[in-house]
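Please read it beside the sequence and the structure.

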Amino acid sequence: MKIAFATSEAYPFAKTGGLADVSSALPAALARRGHDVRIIMPRYYAVDRERYGLRVVGGPLGVPLGGGEKWAAILESRHIPEVPVYFIEHEFYFGRDGLYDDGYSAYADNAERFIFFCRGVMQALKDIGFAPDIIHCNDWQTGLIPVYHKTLYRDDPFFNRGSTVMTVHNAGYQGVFPAENYRLTQLDPGLFTDNGLEFFNQMNFLKGGVLFADAVTTVSRKYADELSTPEFGYDLADVFQKVKGRFRGITNGVDYSSWNPETDPFIPARYSRKTTDGKRACREALQQTMGIDVDPAAVLAGTISRVTYQKGMDVLADALRPLLADENLQFVLLGQGDERILDRFGELKRLFPGRVGLFRGYDERLSHLIEAGLDIYLMPSRYEPCGLNQMYSMRYGTIPVVRATGGLDDTVIEWDDKSLRGNGFKFAELTEKALYEKIRYVIRCYHDTQSWKVLQRNAMEFSYSWSDASVEYERMYEVILLASRTRGESRAPGNDHSRGSRGKKRVKSNA
Ligand code: ADP
Ligand code: GLC
């Protein structure tokens with residue numbers, strides 16, 4: 001199959017979170033299964049020309065936008081051996097330091113930037129001559145692609161044998177923008193209704209993607225169920241219910257070539273489940289790096305996180321204060337995001353000198369050292385579509401303590417000290433009290449050295465790689481392709497309801 005994987009971030013080129021990890025590992029796993037996969041993403045300022053061997057392969061590319069056309073270049077990198085990566089370059093839209101914001105607030109023209117990107121993906125695929133069987137779209141930034149595919153490009157022979165998939169990595173971010181941006185899309189105004197892209201008088205990218213894609217997925221089974229509820233669906237619950245016949249959860253895999261203590265180049269000592277000795281050296285290195293006491297008796301807990309409402313870091317900061325007072329506990333955080341919440345960790349650092357480490361910012365190398373050096377990994381998320389760090393932690397013998405939501409609930413099995421089964425700990429309520437009690441219980445378990453070793457071994461044995469998960473995507477692609485081709489063959493020409501009430505609209509530049 002020919003698969004175009006459209007995304008706004010992919011490791012190592014540009015990353016703010018797990019979407020980037022998925023966007024390089026899943027395409028590579030599909031390529032290893034024999035598919036012709038190409039990633040397509042924006043070329044941000046940070047995507048270095050030399051480092052990634054970028055070369056111009058297409059364009060100048062005309063991208064229709066509003067009443068006019070913007071011009072872009074297409075660059076290619078072969079940095080990921082199995083998968084060519086194409087970058088849409090436009091200095092004004094993407095030549096910036098941040099992906100979505102300037103470090104404080106979201107860019108004011110994000111709607112325009114990602115309308116341009118979605119339309120640019122369609123144009124770029126034609127320009128490079130890659131007619132995909134599947135366009136796999138990810139999160140709101142790519143949400144208009146399935147809409148374009150089913151409307152402006154519907155009769156385009158280049159695209160009409162293909163299908164689209166929309167994967168929802170996080171329904172907390174939907175790409176909701178003032179209605180006046182809609183005219184930039186060149187879509188039929190008839191689609192701007194409650195059954196289309198309109199959402200409380202605004203335009204909603206993700207809603208468009210979910211409604212128009214041939215299949216919709218999210219990144220765990222539990223989150224797929226949760227999305228149909230008002231609490232997690234963020235006002236799109238009814239939309240997810242509407243598409244439930246073509247909506248499913250496929251849990252993210254782990255790229256064990258990047259996240260594996262046996263081979264990790266970022267950690268000072270390697271180890272495996274057979275010999276975990278190296279973990280002690282990693283723990284010491286972590287304590288030193290984070291400027292906390294090299295105390296072998298303390299329990300070392302921590303997390304790596306976007307510091308946002310989603311991640312429950314506010315509640316964690318509250319619970320840590322009494323925990324640090326009552327237990328011989330150390331805590332380290334690598335994170336960026338909400339400065340007020342980060343300041344609360346800063347305050348803990350002042351209150352408990354030598355026991356709290358805080359690194360404000362983004363650091364890939366340090367994130368690996370944290371996975372290797374910790375005893376317990378805390379993930380008290382309010383919601384978590386999948387979550388990757390709990391799975392990374394397990395492989396490093398670092399025990400996850402998570403809130404039972406989304407993918408965290410699907411992947412972590414509660415430790416039972418009678419049967420010696422389980423790979424981590426879960427709690428249900430996100431309150432300071434519940435977190436305090438759970439972590440105290442975990443610390444008691446930690447001090448039972450023999451059974452903790454069994455727990456560690458269980459966790460390290462957990463394995464869910466992309467070679468497992470990619471098979472599920474492959475099967476789904478096959479099913480929708482077959483269905484849409486069968487439908488396509490029996491479709492009467494001109495019998496098209498998807499253009500909205502105004503009927504046909506031709507776009508000169510893709511005619
Ligand atoms: P999310 O995508 O919601 O942020 P995930 O658990 O799926 O959560 O993935 C987060 C990814 O981002 C992991 O690879 C994690 O190690 C990484 N990450 C998050 N914050 C940072 C940071 N400040 N520095 C380095 N890596 C980070
Ligand atoms: C999102 C989610 C996270 C998930 C990641 C990759 O950012 O918040 O839970 O693991 O996407 O799918």
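Domain bounds, as used throughout, come from an automatic or database domain assignment. This is a predicted model, in which local features need pLDDT of at least 70 and side-chain atom pairs count only at pLDDT 80 or more, while totals for chains, interfaces and linings use all residues. Residues are numbered from 1 along each chain as its sequence is written, chains are lettered from A and ligands numbered from 1 in the order in which they are written, and side-chain values use heavy atoms, with hydrogens and water left out.

1. Domain division. The protein is divided into domain 1 (2-253 + 468-487) and domain 2 (278-461). Taken over C-alpha atoms, the centres of domain 1 and domain 2 are 33 Å apart. The contact between them (heavy atoms within 4.5 Å) takes 21 residues from domain 1 and 20 residues from domain 2.

2. Domain interface. The size of an interface is often given as the accessible area lost when the parts come together. Buried area here is the accessible area (1.4 Å probe) that two parts lose on being put together, summed over both. Domain 1 and domain 2 bury about 1,600 Å² between them, and 52% of this is on carbon and sulfur atoms.

3. Placement of ligand 1. Both domain 1 and domain 2 give residues to the shell around ligand 1, so ligand 1 lies between them. A residue is counted as near a molecule or strand if one of its heavy atoms lies within 4 Å of it. There are 21 residues around ligand 1, and Gly18, Asp21, Arg306, Lys311 and Gly361 come nearest.

4. An N or O atom in the side chain of Lys311 is 2.7 Å from an oxygen atom of ligand 1, and a polar backbone atom of Gly361 is 2.8 Å from a nitrogen atom of ligand 1. In the side chain of Asn389, an N or O atom lies 3.1 Å from an oxygen atom of ligand 1. The protein buries 94% of the 560 Å² that ligand 1 exposes when taken alone; accessible areas come from the Shrake-Rupley method with a 1.4 Å probe, and for residues only the protein chains shown count as cover.

5. Make-up of the ligand 1 shell. Helices (H or I, at least four residues) and strands (E, at least two) are DSSP runs, numbered from the N terminus. Two or more residues each come from α1 (18-32), β13 (299-307), β14 (329-337) and α13 (389-395). Of the elements, β13 gives the most, with three residues. The shell divides into six nonpolar, nine polar and six charged residues, where Ala, Val, Leu, Ile, Met, Phe, Trp, Tyr, Cys and Pro count as nonpolar, Asp, Glu, Lys and Arg as charged, and the others, Gly among them, as polar.

6. Ligand 2. Of the 14 residues around ligand 2, His169, Asn252, Glu384, Cys386 and Gly387 come nearest. An N or O atom in the side chain of Glu384 is 2.4 Å from an oxygen atom of ligand 2. Backbone N or O atoms also approach oxygen atoms of ligand 2, that of Cys386 at 3.0 Å and that of Gly387 at 2.8 Å. On its own ligand 2 has 310 Å² of accessible area, of which the protein covers 93%.

7. Make-up of the ligand 2 shell. Domain 1 and domain 2 each supply at least three residues to the shell around ligand 2. The element that gives the most is α1, with three residues. Six nonpolar, six polar and two charged residues form this shell.

8. Backbone features. Most residues other than glycine have a negative phi, and most peptide bonds are trans. The bond from Tyr11 to Pro12 is cis, with omega near 5°, and Pro12 is in the loop between β1 (2-6) and α1. Gly59 and Pro60 are also joined by a cis peptide bond, with omega about 0°; Pro60 lies in strand β3 (residues 55-65). Asp139, which is not a glycine, has a positive phi of about 65° and is placed in the loop between β6 (134-138) and α4 (144-150).

Terms used
A polar contact is a pair of N or O atoms within 3.5 Å; within protein, one must be able to donate a hydrogen and the other to accept it, and residues adjacent in sequence count only if both atoms are side-chain atoms.
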